[in-house]
Amino acid sequence: MEKVADGVWLLRGDLRKAMNVYFLEDDGGVVMFDAGTKPMRRKVRAAAERLGGLNRVVLGHAHADHRGTAPYLGVPVECHPDEVADAESDASIAPYMDLSQLPVAPVRWLYPLLLRRWDGGPVKIEGTVSEGDTVAGFQVLHFPGHAPGLIGLWRESDRLAIVSDVVYLVDSARMRPLPEGEASVPHPAWAWDHAKAKESVRKLAALEPATVCAGHDLPLRGENLRPTLEAAAEKH
Ligand SMILES: [Zn+2]
């Protein structure tokens, strides 16, 4: 577990340690943002204990690799209203995903297996959070596109954005890292609405964040990440 900012810890797990779960200090315990994959459940539980105990889970979105531990933690789980149906569904692959669009054949074959292995199954959603709400001192922002109810968290004081899959810091369609310091819009194969996904990356860019903590891989840092993110929104 790594402290990535004041009151924020990152736990990385599963494949290439690329699956991220964030713990946010809250009321003597922690709120967990995103829930990683099912095989991470013991590590997640132990980490939350060390940080004073888990108060609740907030899902950045409901994809299999972001909801995986949520059914096993015994605390209320929340997400955006537009994500409730997919979070509560037993499908490991969201209905709008079109994996046939993935450009590399072995990756295309592998993902359905991976998504099923990562998934912890349906999650009972006990409450919703929307843009304008606050989670552990962070402002909730809606970034639809990759998923309809994708949300991120924003803290103005240190320009920190924790954004789930608004951006990828990894080339997941080819299963290889992106060049150092680059970001990308997630591949259209995963997207609910790719045009909206690009708009959401521009919305994130306009915040001029200094740190972007994404759903996969290590945080992206810089004085002002606006140009990096705007460049990402221009690609594919
Ligand atoms: Zn996703």
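Visitor: Which helix is arginine 67 found in?
Guide: Arginine 67 sits in helix H2, residues 64–67. Helices (DSSP runs of H or I, at least four residues) and strands (runs of E, at least two) are numbered from the N terminus. This is a predicted model, with residues numbered from 1 along each chain as its sequence is written, where local features need pLDDT of at least 70 and side-chain atom pairs count only at pLDDT 80 or more, while totals for chains, interfaces and linings use all residues. Side-chain values use heavy atoms, with hydrogens and water left out.

Visitor: Is arginine 67 buried or exposed?
Guide: Arginine 67 is buried, with a relative accessible area of 0%. Buried means under 20% relative accessible area, exposed means over 50%, and partly exposed is in between, using a 1.4 Å probe and protein chains only.

Visitor: What lies 2.9 Å from a polar atom of its side chain?
Guide: The backbone oxygen of alanine 87 does.

Visitor: Changing topic. Which residues are the protein donors of the zinc ion?
Guide: They are His61 (NE2), His63 (ND1), His146 (NE2) and Asp165 (OD), lying 2.2 to 2.3 Å from the zinc ion. Donors are N, O and S atoms within 2.8 Å of the metal (3.2 Å for Na, K and Ca); water is not among the atoms, so sites may look incomplete.

Visitor: Where in the chain are histidine 61 and aspartate 165?
Guide: Histidine 61 is in the loop between E5 and H2, and aspartate 165 is in the loop between strand E11 (160–162) and strand E12 (170–171). The pair links distant parts of the chain, 104 residues apart. Both histidine 61 and aspartate 165 are buried.

Visitor: What about helix H1, which of its residues are buried?
Guide: In helix H1 (residues 41–50), the buried residues are Val44, Ala47 and Ala48. They are on the same side of H1 because they cover an arc of only 100 degrees around the axis. The arc is that of the directions from the helix axis to the C-beta atoms.

Visitor: Why do residues three or four places apart point the same way?
Guide: An α-helix has 3.6 residues a turn, so residues with that spacing point the same way.

Visitor: And which residues are exposed on the other side of H1?
Guide: Arg42, Glu49 and Arg50 are exposed there.

Visitor: What do the buried residues of H1 pack against?
Guide: They pack against strands E2 (8–13), E3 (19–26), E4 (29–33) and E5 (54–58). Contact here means heavy atoms within 4.5 Å.

Visitor: How many salt bridges does the structure hold?
Guide: It holds 16 salt bridges. A salt bridge is a side-chain nitrogen of Lys or Arg within 4 Å of a carboxyl oxygen of Asp or Glu.

Visitor: Which residue does lysine 124 meet in a salt bridge?
Guide: Lysine 124 meets glutamate 88, at 3.4 Å, N to O. Lysine 124 lies in the loop between helix H4 (105–118) and strand E7 (127–128), and glutamate 88 lies in helix H3 (residues 84–88), so the pair ties together parts that are 36 residues apart in sequence. Lysine 124 is exposed at 59% relative accessible area, whereas glutamate 88 is partly exposed at 34%.

Visitor: What does arginine 226 form a salt bridge with?
Guide: Its partner is glutamate 230, and the closest N and O atoms are 3.0 Å apart. Arginine 226 and glutamate 230 are 4 residues apart in helix H6, so about one helical turn separates them.

Methods:
A polar contact is a pair of N or O atoms within 3.5 Å; within protein, one must be able to donate a hydrogen and the other to accept it, and residues adjacent in sequence count only if both atoms are side-chain atoms.
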